Amino acid sequence: MLNLNKIELTKKGQNINLEKNNSQKIGEILVNLNWNQKKSGFFSKFNNVDLDIGCLFELKNGQKGCVQALGNAFGSLQNAPYIKLDGDDRTGAATEGENLRINGEKIKEIKRILVYSFIYQGAANWSQADGVATLKYSSGSDIEVKLNEHQNGKTMCAIALIENVNDETFKVERVVEYFSGHKDMDRKFRWGLNWVAGKK
């Protein structure tokens with residue numbers, strides 16, 4: 001999935017449709033979240049920010065939910081919701097960050113996906129984390145969204161909205177909006193889920 005070309009969505013609301021390959025298929029989509037993992041000093045490990053990736057999903061059949069490490073909701077590629085979280089980097093040691101995978105072959109089953117990041121541990125210091133989300137797929141350029149409109153003190157950032165376009169492709173729209181928690185973000189995007197406290 002290596003792609004040297006890159007398209008950056010820099011303004012709120014800016015969007016782009018994914019391209020299809022010669023067989024008119026999207027294929028697997030990888031959404032990578034990476035952040036500044038510089039460490040210094042003996043006590044740095046206690047001050048590290050644990051930045052997690054996750055998403056809200058809504059399927060065409062009305063099923064709604066989330067995929068995230070919190071609550072061990074890692075999802076599935078072959079079964080609903082056709083979205084899977086690779087793992088949870090609690091240490092910041094994995095230089096490749098964290099990945100969500102979306103099964104583009106199941107586009108007719110998926111209505112919309114809201115990709116977000118939240119700070120599970122550490123101070124809500126987004127400017128220090130310097131996060132960036134990159135969407136990668138085989139038939140088009142990488143799409144990058146930098147979390148550079150910082151709002152420190154809030155633990156969640158809605159990064160991008162991915163929406164079904166005529167069961168043919170997905171539209172990716174930059175959001176980068178910060179919230180105090182899952183409930184506030186859910187309310188803004190009208191997902192309608194019931195949230196309870198969870199843990200890893």
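Visitor: How many disulfides does the count come to in this model?
Guide: Keep in mind that this is a predicted model. A disulfide needs a pair of cysteine sulfur atoms within 2.5 Å. By this rule, the count comes to zero disulfides.

Visitor: Which cysteine has the sulfur nearest to that of cysteine 66, and how far away is it?
Guide: Cysteine 66 is in no disulfide. The cut-off for a disulfide is within 2.5 Å. The nearest cysteine sulfur belongs to cysteine 55, at 7.8 Å.

Visitor: Is cysteine 157 buried or exposed?
Guide: Buried means under 20% relative accessible area. Cysteine 157 has 0% relative accessibility, so it counts as buried.

Visitor: Which strands are the edge strands of the open sheet?
Guide: Let's walk across the sheet! Its seven strands come in the order S1-S11-S10-S3-S8-S7-S6, with mixed pairing. An edge strand pairs on one side only, and that picks out strand S1 (6-8) and strand S6 (75-76).

Visitor: What is the bridge partner of serine 76 in S7?
Guide: Strand S7 covers residues 83-85, and two bridges join S6 to S7. These two strands run antiparallel. Serine 76 has as its bridge partner in S7 isoleucine 83.

Visitor: Why do the buried residues of H3 line one face of the helix?
Guide: Helix H3 spans residues 182-189, and His182, Met185, Asp186 and Phe189 are buried there. On the other side of H3, Lys183 and Arg187 are exposed. Looking down the axis of H3, the buried residues line one face because they fall within an arc of 100°.

Visitor: Which residue just after H3 takes a positive phi?
Guide: Good place to look next! Just after H3, the phi is about 55°, and the residue that takes it is arginine 190.

Conventions: Residues numbered from 1 in each chain as written. Predicted model: local features only at pLDDT ≥ 70, side-chain atom pairs only at ≥ 80, totals over all residues. Heavy atoms only, no water. Buried < 20%, exposed > 50% of the residue type's maximum accessible area, 1.4 Å probe, protein only. Pairing = 2+ DSSP bridges. Helix = DSSP H or I, 4+ residues; strand = E, 2+ residues; numbered from the N terminus. Arc of directions from axis to C-beta.
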